[in-house]
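Please look over this entry with me. I have some questions about how its parts are arranged.

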Amino acid sequence: MNERIIGLVKRVNGPVIEAMDVSDAMMLELVRVGEVRLVGEIIKLEVESAVIQVYEDTTGIAPGDNIYGSDMPLSVELGPGLIGTIYDGIQRPLEEIFKISDQYIERGIQCPSLDRDKKWHFIPLDLEAGFTVTGSMIIGSVQETERVEHKILTPPDMNGTLISIMPEGDYTVEEPIALVETQSGEKQLFLMHRWPIRSSRPVTERIPLSIPLITGQRVIDTLFPIAKGGTVAIPGGFGTGKTMIQHAIAKWCDAAIIVYIGCGERGNEMTDVLTEFPKLVDPFTGRSLMERTILIANTSNMPVSAREASIYTGVTLAEYYRDQGFHVAVMADSTSRWAEALRELSGRMEEMPAEEGFPAYLPTRIAEFYERAGFMKTLSGQTGSISIIGAVSPPGGDFSEPVTQHTKRFVRCFWGLDRQLANARHYPAISWLDSYSEYLDEVTPWWEEQVGTSWVQNRAEIMELLQKEVRLLQVVKLVGPDALPDSQRFIIEVCTLFKNAFLQQNAFDDIDRYSTTPKQMKMMEIILTYWRRGYQAIRRGVTLVKLRRIKVLQDIVKMKFAISNDDLEGFDKLNDRLERALNQLESIYV
Amino acid sequence: MSDSTILYETQKKLLAGREYIGVDRIDGPLVFIRKTHPVGYRELVECIDENGCTRLGMVLDTSSTIVVAQIFGGTSGLRMPSTHIRFRGEPLRIEVTEKMLGRIFNGLGQPIDGGPAPVGDEELNVNGKPINPTAREYPRDFIQTGISVIDGMNTLIRGQKLPIFSGNGLPHNELAAQIARQAKIRGAETKFAVVFAAMGVKHDVARYFIKSFEESGVLENVALFLSLADDPSIERLITPRTALTLAEYLAFERDMHVLIIMTDMANYCESLREISTIRGEIPSRKGYPGYLYSDLAELYERSGMLKGYKGSITQLPILTMPNDDISHPIPDLTGYITEGQIVFEREMHGRGIYPPVAGLPSLSRLMKDGIGKDMTREDHPHLASQLFAAYSYVKDVRNLASVIGEEELTPLDHQYLEFGEAFERKFVTQDKNENRTVEETLNLGWEALSLLPVEELHRVTEEELEKYYG
């Protein structure tokens with residue numbers, strides 16, 4: 001590596017280092033500090049001085065230590081071999097580090113992000129010499145995993161004419177596969193290229209969102225859907241199940257690639273993902289879920305500045321796969337930890353704080369991150385999307401704090417987690433009162449076309465009932481349930497059924513953990529049948545007690561466990577039984 | 001490495017032997033020294049007062065002009081001109097050995113029981129290093145504590161970090177001691193050890209724990225690190241790190257299953273705030289520094305199990321919530337890092353329920369993988385879920401009853417009230433020495449559920465109902 005000394009350490013204050021005698025340094029340049037070569041990045045430049053944020057523990061760094069420049073910004077390596085790997089916040093492969101330094105992460109380890117020895121079978125496109133090569137163009141492909149056909153892209157800033165391309169064969173990521181004549185001379189192309197994490201990769205244009213990201217979670221898909229290319233925030237205090245929802249979506253959503261960023265969270269949670277995902281089978285392809293997943297783990301005890309970088313690393317990897325024409329879902333758990341890392345670094349740099357000690361540029365940074373999501377037409381003419389699902393951990397579960405509030409401004413879907421529901425072990429604890437989705441209108445045509453035309457009315461009907469229930473419960477709290485007429489108590493009854501039978505979903509049950517859209521639709525229709533017919537019956541004089549005693553109700557509550565995704569007839573049968581029971585009941589009162 | 005670099009590094013090593021006479025400023029536990037040789041960040045500092053006593057400290061901020069160090073022994077009695085300062089060129093390390101079990105130390109790992117300092121087998125950096133997530137083994141071994149509300153509803157798993165959120169005057173020490181006494185892995189005889197770290201607690205509390213360990217005959221398996229209420233507050237910052245360093249050594253070098261009790265985390269955080277304020281840092285909530293989360297995570301994440309190692313570290317931190325407020329920064333940030341929490345409720349304590357564990361806010365995140373068939377009993381997951389659901393409804397009914405009066409409640413709600421009472425009095429309540437097997441616990445749970453009509457039990461299966469209900 002061509003190293004050059006660009007300055008000396010002047011002051012060490014946690015992860016922030018002030019440098020003196022700085023010459024020839026570049027803003028956001030990747031640097032290495034001291035003889036242990038800690039990775040850092042220049043975040044401020046002045047005449048002869050600079051501020052560096054260091055991504056590793058700075059214990060032992062002393063004034064006067066050398067700072068080495070690398071002449072490039074902090075970048076990630078993009079190429080085959082990303083899938084199935086677990087990286088830290090600055091894309092160092094943790095499994096390789098484990099081989100080098102055993103159970104603890106030593107400092108100053110330099111380890112290539114992509115395996116340098118592994119050969120990939122490259123199949124070039126049929127391109128002639130003299131062909132005009134532009135940025136992000138597909139020049140061939142590599143079968144990365146059984147389910148991911150990795151398209152080899154030219155670097156996004158490439159422009160020139162093709163001189164030659166290598167024939168089909170096995171290559172490592174460092175062996176040239178093509179030669180291109182550019183304005184600045186001949187350039188070799190490889191299976192991998194680099195891209196700085198803080199700039200988004202260019203695309204042709206944004207396409208309006210229209211397809212839902214199906215998560216298999218009923219409360220999400222049916223009540224608060226997210227579109228492919230959309231953004232959503234999940235705020236909730238500790239123990240409300242943010243991570244459980246993130247895991248469930250990472251497991252069962254219908255994106256082709258998952259980037260899971262564990263940003264400042266628990267070590268064991270990442271281990272859970274690492275041990276569980278390879279065993280789970282994707283319902284769409286029958287392959288292991290690890291074959292579509294990239295993990296970024298920067299747990300809470302790992303250096304705080306790498307936590308700041310981790311979400312950019314993750315979203316850059318996502319953009320790379322989007323440019324190949326994949327639908328990518330990014331889970332960021334949790335963006336609050338990232339914001340706190342910003343706050344800590346800002347505090348160490350003695351910047352003037354805005355709200356609660358957070359720097360004034362917090363909203364800008366949040367917006368920049370979420371705007372990297374979207375449904376795009378890529379430079380290569382493909383379409384691909386990035387959906388970002390960000391967890392927020394508000395202190396004290398108070399949604400009025402700055403990170404939640406600013407995030408709300410930049411996302412269009414909001415799944416507020418409710419402490420009361422979590423306490424009653426009602427999971428997913430997504431509150432149907434606080435949450436909203438602005439994607440509803442966008443995805444409605446898809447549902448109507450693919451699943452059923454009555455979807456939007458059904459959803460509206462049930463939402464209305466849930467709203468009515470809140471008001472009724474307030475009355476009950478004051479005067480007791482007996483004061484309400486049967487017709488109103490029946491609303492409460494139906495809502496309770498809906499919560500137990502539909503909204504609650506057991507992530508650990510083999511059948512219930514994932515519901516297809518037709519199953520969701522059928523389940524909702526059965527509950528609505530009970531509501532519509534039951535309401536009629538009450539008006540004819542049937543008492544609530546009788547309605548409650550219908551035997552088939554027990555089966556409706558348990559239908560989510562009992563009837564599998566493929567067994568749609570099972571739901572029709574259940575519906576028939578319900579209708580018969582209600583007919584019988586009504587016949588007495590005619 | 002170039003020649004000039006080698007020269008510089010050698011110079012740095014030689015200069016490390018220098019001793020400085022006189023400091024430039026003393027502010028609380030911090031000393032400021034000007035014009036030193038290049039001093040490393042977090043380096044160990046020896047501060048020698050005029051009587052020749054050495055106090056240890058750590059570098060908090062270093063620059064070419066001034067070095068700031070915090071002195072763990074406190075700064076009282078130091079004179080500016082006559083204080084000698086030495087920098088050791090390396091971070092604080094302690095000597096660790098199995099022989100530390102059965103002994104009592106101060107927060108820096110120096111013996112205070114009158115015995116000689118044990119000869120260490122290894123010298124380790126107290127700050128530890130982050131564990132590689134890929135090296136971790138996911139914890140799934142059930143620990144039977146013999147306490148129903150924990151075993152049944154908030155199961156403790158080996159390698160878990162499960163704090164007790166308590167308040168002043170609540171029996172958290174009793175519960176922690178009971179867990180330490182009774183905890184065992186079913187059907188396995190393993191080497192175990194308890195490491196006890198006391199930060200700013202009263203002498204009585206320390207004595208209570210020592211006595212409790214003595215009575216149950218486990219004292220020779222316990223290492224105590226005491227930094228009590230009248231010790232310098234700054235020492236509390238290093239106490240848990242020293243204790244965890246020993247715990248890591250015992251678990252991963254000596255194959256032991258270590259339970260570490262840390263009390264009281266609130267005092268630790270107060271000390272952190274003290275230092276932060278003196279240094280003039282920008283505070284976040286309630287004056288606590290912005291890095292409180294990262295700092296706590298450095299402690300709490302030093303637990304768990306590792307691939308290829310037999311031992312484990314299970315953490316049981318105790319913290320008293322200021323003003324019983326669970327949204328206070330200390331319990332709040334702790335809850336975001338730990339794998340669940342056991343929350344005490346003053347109202348239950350007032351009604352004479354021991355342990356006064358609040359049913360709903362308590363949670364064990366690792367429970368799902370450690371219970372059920374082959375681990376506890378096949379009905380355990382559904383039973384726990386059903387108990388939570390039913391008890392949560394009881395809370396609603398009680399609220400309703402307090403407004404409209406019990407007479408106005410429906411017959412079903414009355415049944416729920418009865419269930420709630422039975423749950424609290426028979427299932428939760430137990431004696432301070434009572435050690436229940438998990439089967440006893442689960443049967444008690446079913447006994448309480450049997451007070452409810454069968455249609456209300458949505459979360460258990462038909463087979464389970466047939467086998468256990470009624």
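The questions and answers below concern a predicted model.

Visitor: Which helix gives the most to the side of chain A that touches chain B?
Guide: The contact involves 62 residues of chain A and 63 residues of chain B. Elements of chain A that each supply at least two residues to this side include β1 (4–13), α4 (267–276) and α11 (455–479). With seven residues, the top contributor is α4(A).

Visitor: How many charged residues does the side of chain A that touches chain B have?
Guide: This side has 24 nonpolar residues and 24 polar ones.

Visitor: What is the bridge partner of Arg11(A) in β5(B)?
Guide: β1(A) and strand β5 (residues 54–63) of chain B run antiparallel and are joined by two bridges. Within β5(B), Arg11(A) has as its bridge partner Ser63(B).

Visitor: Which strands stand at the edges of the open sheet of three strands in chain B?
Guide: The order in this sheet is β13-β12-β15, with antiparallel pairing. A strand here with a single partner strand has one side left without a neighbour in the sheet, so the edges are β13 (156–157) and β15 (184–185) of chain B.

Visitor: Which residue of β15(B) stands opposite Ile143(B)?
Guide: Strand β12 (residues 142–144) of chain B pairs with β15(B) in the antiparallel sense, over two bridges. Opposite Ile143(B) stands Ile185(B).

Visitor: What distance separates the centres of domain 1 and domain 3 of chain B?
Guide: Chain B is divided into domain 1 (3–91), domain 2 (94–370) and domain 3 (380–468). Taken over C-alpha atoms, the centres of domain 1 and domain 3 of chain B are separated by 61 Å.

Technical notes: Residues numbered from 1 in each chain as written. Chains lettered and ligands numbered in written order. Predicted model: local features only at pLDDT ≥ 70, side-chain atom pairs only at ≥ 80, totals over all residues. Domains from an automatic or database assignment. Contact = placed C-beta atoms within 7 Å. Helix = DSSP H or I, 4+ residues; strand = E, 2+ residues; numbered from the N terminus. Nonpolar A, V, L, I, M, F, W, Y, C, P; charged D, E, K, R; others polar. Pairing = 2+ DSSP bridges.
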